[in-house]
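Here are a couple of exercises to work through with the model open in your viewer. Try each task before you read its solution.

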Amino acid sequence: MIPALEALELLRAGNRRFATDASIHASRTGPERRGQLTRGQEPFAVILGCSDSRVPVEIIFDQGLGDLFVIRVAGNVVAPSLVGSVEFAAEKFGTRLVVVLGHTSCGAVAAAHAGGAVPGQISSLFQHIIPAIPEGASVNEAVEANVRYQVEALSRSSTVIREAIGNGTAAVHGAVYGLEDGRVRLVG
(Lines give C-alpha, C1' and ligand atoms only; values in the text may rest on other atoms or scores of the structure.)
Protein backbone atom coordinates (compact mmCIF):
# COMPACT_ATOMS: atom_id res chain seq x y z
CA MET A 1 0.00 0.00 0.00
CA ILE A 2 1.41 3.34 -1.09
CA PRO A 3 0.77 6.33 1.23
CA ALA A 4 -1.30 9.18 -0.21
CA LEU A 5 1.54 11.73 -0.45
CA GLU A 6 3.83 9.26 -2.22
CA ALA A 7 1.00 8.35 -4.61
CA LEU A 8 0.41 12.04 -5.34
CA GLU A 9 4.09 12.49 -6.22
CA LEU A 10 3.93 9.46 -8.56
CA LEU A 11 1.02 11.11 -10.39
CA ARG A 12 2.76 14.47 -10.57
CA ALA A 13 5.97 12.91 -11.89
CA GLY A 14 4.00 10.90 -14.46
CA ASN A 15 2.20 14.01 -15.67
CA ARG A 16 5.52 15.85 -15.99
CA ARG A 17 6.81 13.00 -18.16
CA PHE A 18 3.63 13.04 -20.26
CA ALA A 19 3.65 16.83 -20.71
CA THR A 20 7.30 16.76 -21.81
CA ASP A 21 6.88 13.70 -24.08
CA ALA A 22 9.14 11.50 -21.92
CA SER A 23 6.81 8.57 -21.17
CA ILE A 24 8.36 5.56 -19.45
CA HIS A 25 5.33 3.30 -18.96
CA ALA A 26 4.66 2.17 -22.51
CA SER A 27 5.93 -1.31 -21.53
CA ARG A 28 3.36 -1.59 -18.69
CA THR A 29 0.62 -2.73 -21.05
CA GLY A 30 2.15 -5.88 -22.54
CA PRO A 31 1.43 -9.58 -21.98
CA GLU A 32 3.68 -9.87 -18.92
CA ARG A 33 1.88 -7.03 -17.13
CA ARG A 34 -1.53 -8.40 -18.10
CA GLY A 35 -0.50 -11.78 -16.67
CA GLN A 36 0.57 -10.18 -13.38
CA LEU A 37 -2.81 -8.51 -13.07
CA THR A 38 -4.76 -11.76 -13.37
CA ARG A 39 -3.76 -12.39 -9.74
CA GLY A 40 -5.23 -9.08 -8.54
CA GLN A 41 -4.75 -5.35 -8.53
CA GLU A 42 -3.19 -2.77 -6.25
CA PRO A 43 -3.94 0.63 -7.77
CA PHE A 44 -2.01 3.38 -5.99
CA ALA A 45 -4.59 6.10 -6.72
CA VAL A 46 -8.28 6.52 -7.47
CA ILE A 47 -9.04 9.10 -10.14
CA LEU A 48 -12.60 10.41 -10.39
CA GLY A 49 -12.42 12.18 -13.70
CA CYS A 50 -14.50 13.45 -16.56
CA SER A 51 -15.47 11.04 -19.31
CA ASP A 52 -14.21 13.46 -21.97
CA SER A 53 -12.31 11.54 -24.65
CA ARG A 54 -9.51 14.13 -24.58
CA VAL A 55 -8.56 13.21 -21.00
CA PRO A 56 -7.32 9.58 -21.01
CA VAL A 57 -6.30 9.30 -17.37
CA GLU A 58 -3.67 6.55 -17.54
CA ILE A 59 -1.97 8.32 -20.44
CA ILE A 60 -1.88 11.82 -18.93
CA PHE A 61 -0.35 10.42 -15.74
CA ASP A 62 2.01 8.10 -17.68
CA GLN A 63 0.83 4.97 -15.87
CA GLY A 64 0.24 1.42 -16.97
CA LEU A 65 -2.36 -1.29 -16.50
CA GLY A 66 -3.38 -1.78 -12.88
CA ASP A 67 -1.78 1.42 -11.57
CA LEU A 68 -4.91 3.58 -11.32
CA PHE A 69 -8.53 2.89 -10.35
CA VAL A 70 -10.33 5.18 -12.78
CA ILE A 71 -13.93 6.31 -12.46
CA ARG A 72 -15.21 8.52 -15.26
CA VAL A 73 -18.40 10.54 -15.55
CA ALA A 74 -19.23 13.72 -17.45
CA GLY A 75 -18.36 16.71 -15.29
CA ASN A 76 -16.45 14.54 -12.78
CA VAL A 77 -19.48 14.70 -10.49
CA VAL A 78 -19.84 12.96 -7.15
CA ALA A 79 -23.01 10.86 -7.05
CA PRO A 80 -23.86 7.83 -4.85
CA SER A 81 -22.72 5.08 -7.22
CA LEU A 82 -19.46 6.92 -7.87
CA VAL A 83 -18.87 7.40 -4.14
CA GLY A 84 -19.42 3.65 -3.78
CA SER A 85 -16.76 3.00 -6.41
CA VAL A 86 -14.27 5.23 -4.57
CA GLU A 87 -15.06 3.47 -1.29
CA PHE A 88 -14.67 0.08 -2.98
CA ALA A 89 -11.13 0.92 -4.11
CA ALA A 90 -10.23 2.31 -0.69
CA GLU A 91 -11.58 -0.70 1.17
CA LYS A 92 -10.80 -3.57 -1.24
CA PHE A 93 -7.39 -2.44 -2.50
CA GLY A 94 -6.18 -0.12 0.27
CA THR A 95 -5.83 2.77 -2.17
CA ARG A 96 -5.02 5.89 -0.15
CA LEU A 97 -5.15 8.73 -2.68
CA VAL A 98 -8.25 10.02 -4.44
CA VAL A 99 -7.98 12.74 -7.08
CA VAL A 100 -11.03 14.51 -8.47
CA LEU A 101 -9.83 15.50 -11.94
CA GLY A 102 -11.51 18.18 -14.02
CA HIS A 103 -10.21 19.68 -17.25
CA THR A 104 -10.23 22.99 -19.05
CA SER A 105 -13.06 23.62 -21.52
CA CYS A 106 -15.23 20.90 -19.95
CA GLY A 107 -18.39 20.52 -22.02
CA ALA A 108 -20.55 19.31 -19.10
CA VAL A 109 -19.53 22.24 -16.91
CA ALA A 110 -19.96 24.67 -19.83
CA ALA A 111 -23.46 23.34 -20.51
CA ALA A 112 -24.44 23.59 -16.83
CA HIS A 113 -22.90 27.07 -16.76
CA ALA A 114 -25.00 28.12 -19.76
CA GLY A 115 -28.23 26.84 -18.19
CA GLY A 116 -31.37 26.07 -20.11
CA ALA A 117 -33.40 22.93 -20.66
CA VAL A 118 -31.63 19.64 -21.30
CA PRO A 119 -32.99 16.34 -22.62
CA GLY A 120 -33.04 12.96 -20.90
CA GLN A 121 -30.86 12.24 -17.88
CA ILE A 122 -28.37 15.06 -18.49
CA SER A 123 -30.09 17.05 -15.73
CA SER A 124 -28.99 14.34 -13.26
CA LEU A 125 -25.42 15.52 -13.90
CA PHE A 126 -26.25 19.22 -13.83
CA GLN A 127 -27.79 19.00 -10.35
CA HIS A 128 -24.29 18.16 -9.09
CA ILE A 129 -22.51 20.89 -11.09
CA ILE A 130 -24.76 23.96 -10.90
CA PRO A 131 -24.31 24.51 -7.11
CA ALA A 132 -20.54 24.67 -7.67
CA ILE A 133 -20.57 27.50 -10.20
CA PRO A 134 -19.93 30.97 -8.78
CA GLU A 135 -21.95 33.88 -10.15
CA GLY A 136 -20.16 35.55 -13.07
CA ALA A 137 -17.49 32.81 -13.41
CA SER A 138 -15.93 31.98 -16.75
CA VAL A 139 -16.17 28.36 -17.88
CA ASN A 140 -12.62 27.56 -16.72
CA GLU A 141 -13.25 29.27 -13.37
CA ALA A 142 -16.40 27.14 -13.12
CA VAL A 143 -14.35 24.02 -13.92
CA GLU A 144 -12.00 24.74 -11.01
CA ALA A 145 -14.90 25.62 -8.68
CA ASN A 146 -16.62 22.37 -9.69
CA VAL A 147 -13.51 20.35 -8.82
CA ARG A 148 -13.33 21.98 -5.38
CA TYR A 149 -17.05 21.39 -4.85
CA GLN A 150 -16.79 17.71 -5.86
CA VAL A 151 -13.80 17.16 -3.52
CA GLU A 152 -15.88 18.57 -0.67
CA ALA A 153 -18.95 16.56 -1.71
CA LEU A 154 -16.92 13.35 -1.74
CA SER A 155 -15.45 14.07 1.68
CA ARG A 156 -18.92 14.91 3.07
CA SER A 157 -20.83 12.01 1.54
CA SER A 158 -18.47 9.16 2.34
CA THR A 159 -17.93 8.08 5.93
CA VAL A 160 -15.22 5.68 4.70
CA ILE A 161 -13.23 8.50 3.06
CA ARG A 162 -13.96 11.04 5.81
CA GLU A 163 -12.71 8.65 8.52
CA ALA A 164 -9.59 7.77 6.51
CA ILE A 165 -8.81 11.46 6.02
CA GLY A 166 -9.43 12.11 9.70
CA ASN A 167 -7.01 9.42 10.84
CA GLY A 168 -4.39 10.47 8.28
CA THR A 169 -4.45 7.32 6.15
CA ALA A 170 -5.98 8.85 3.02
CA ALA A 171 -6.09 12.11 1.09
CA VAL A 172 -8.46 13.64 -1.45
CA HIS A 173 -7.09 16.25 -3.84
CA GLY A 174 -8.57 18.25 -6.66
CA ALA A 175 -6.80 18.82 -9.95
CA VAL A 176 -7.42 20.33 -13.37
CA TYR A 177 -5.91 18.99 -16.59
CA GLY A 178 -5.06 21.65 -19.17
CA LEU A 179 -6.12 20.54 -22.65
CA GLU A 180 -3.83 23.21 -24.06
CA ASP A 181 -0.54 22.15 -22.46
CA GLY A 182 -1.13 18.63 -21.10
CA ARG A 183 -0.30 19.64 -17.53
CA VAL A 184 -2.22 18.70 -14.41
CA ARG A 185 -2.45 21.42 -11.77
CA LEU A 186 -3.53 20.76 -8.20
CA VAL A 187 -6.35 22.99 -6.92
CA GLY A 188 -7.92 23.56 -3.52
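Helices (H or I, at least four residues) and strands (E, at least two) are DSSP runs, numbered from the N terminus. The model is predicted, so to speak of local features we need pLDDT of at least 70, and side-chain atom pairs count only at pLDDT 80 or more, while totals for chains, interfaces and linings use all residues. Residues are numbered from 1 along each chain as its sequence is written, and side-chain values use heavy atoms, with hydrogens and water left out.

**Exercise 1.** Work out how strand 3 is covered and which strands it pairs with.

*Solution.* Start with burial: under 20% relative accessible area is buried, over 50% exposed, in between partly exposed (1.4 Å probe, protein chains only). In strand 3, residues 97-103, seven of seven residues are buried.

Now the neighbours, where pairing takes at least two DSSP bridges between two strands. Strand 1 (residues 45-49) pairs with strand 3 in parallel over four bridges; there, leucine 48 has valine 100 as its bridge partner. Strand 4 (residues 171-177) is also parallel to strand 3, over seven bridges, with alanine 175 opposite leucine 101.

**Exercise 2.** Find the buried residues of helix 5 and say what they pack against.

*Solution.* Then check contacts, meaning heavy atoms within 4.5 Å: the buried residues pack against helix 6 (122-129) and helix 7 (139-157). Finally, step just past helix 5, where glycine 115 has a positive phi of about 75°.
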